[in-house]
Amino acid sequence: MLAPLGAVAEEGCLRVALAGAEAAAPALAARAEALGGHAEGLVAVVPDGVVRDAGAELLTRPGHLSFHAMIGRNGEIDPEGALIRDAGVRAAEVRSGAGGTELYLALDEAASERLARVTADLLGGTVAMALDGEVVVAPRVLEPITGGELVISGGFTGAELERMAVMMAAPLPGPLVIETVERTGCTAPGATEN
């Protein structure tokens, strides 16, 4: 969890109404919970401080993971030419590792099989891992990646890795837009305000 609700309850909460497809409701609920709040359809009730920080990104950015071949020496990829588009993530969590804070990803079966084939074909080349078309890491492929488990580390803060984990684990069908934001009390789902 990025910001426990109890730790910021005295600041109040915000009701953030979002424009987007109804299919986004389950992913939005997971993201609001990660921010220390909850969702009511396409309305997120989250602690005030988290929206000012990185919370707006978590509430609106799709979080689609894709893999690309590098097409230039300066790290360019063709976002339309993904080798693996919308890779399914069955688990994403931030862990402490030998090299510091790391993001552990476990891909679903279909994405795992595709990644094994792609990396076997690109031995010695570079495969970029992108979040919503923006390169996160671009390692050289020394051996096929089998089993669908990946670790991302180096150059990221724990908060950045946590945001990536939440977005990848609960991708939205598309970007959402914040329509309105209003101050409210911090109440648990189903509770009534006093």
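Trainee: Okay, which residue stands opposite Met129 in β7?
Mentor: Keeping in mind that this is a predicted model, the residue opposite Met129 is Phe67. The strand β4, residues 65–69, is joined to β7 by five bridges, and the two run antiparallel.

Trainee: And what about β8, how many bridges pair it with β7?
Mentor: Three bridges pair β7 with β8, which covers residues 134–137, again in the antiparallel sense. Within that pairing, Val135 of β8 is the bridge partner of Ala130. Two residues lie between the strands of this hairpin, and Asp132 there takes a positive phi near 55°.

Trainee: Is β7 itself buried or exposed?
Mentor: Five of the five residues in β7, which spans 127–131, are buried, so the strand is largely enclosed by the rest of the structure. Val127, Met129 and Leu131 point one way from the strand, while Ala128 and Ala130 point the other way, and all are buried.

Trainee: Switching topic, how many disulfides turn up in the whole structure?
Mentor: A search of the whole structure finds one, and it joins Cys13 to Cys186 with an S to S distance of 2.0 Å. The pair links distant parts of the chain, 173 residues apart, with Cys13 in strand β1 and Cys186 in the segment after β10.

Trainee: Why is it called right-handed?
Mentor: Because the torsion about the S-S bond of Cys13 and Cys186 is about 110°.

Notes: Residues are numbered from 1 along each chain as its sequence is written. This is a predicted model: local features need pLDDT of at least 70, side-chain atom pairs count only at pLDDT 80 or more; totals for chains, interfaces and linings use all residues. Side-chain values use heavy atoms; hydrogens and water are left out. Buried means under 20% relative accessible area, exposed over 50%, partly exposed in between (1.4 Å probe, protein chains only). Helices (H or I, at least four residues) and strands (E, at least two) are DSSP runs, numbered from the N terminus. Two strands pair if DSSP finds at least two bridges between them. A disulfide is a pair of cysteine sulfur atoms within 2.5 Å.
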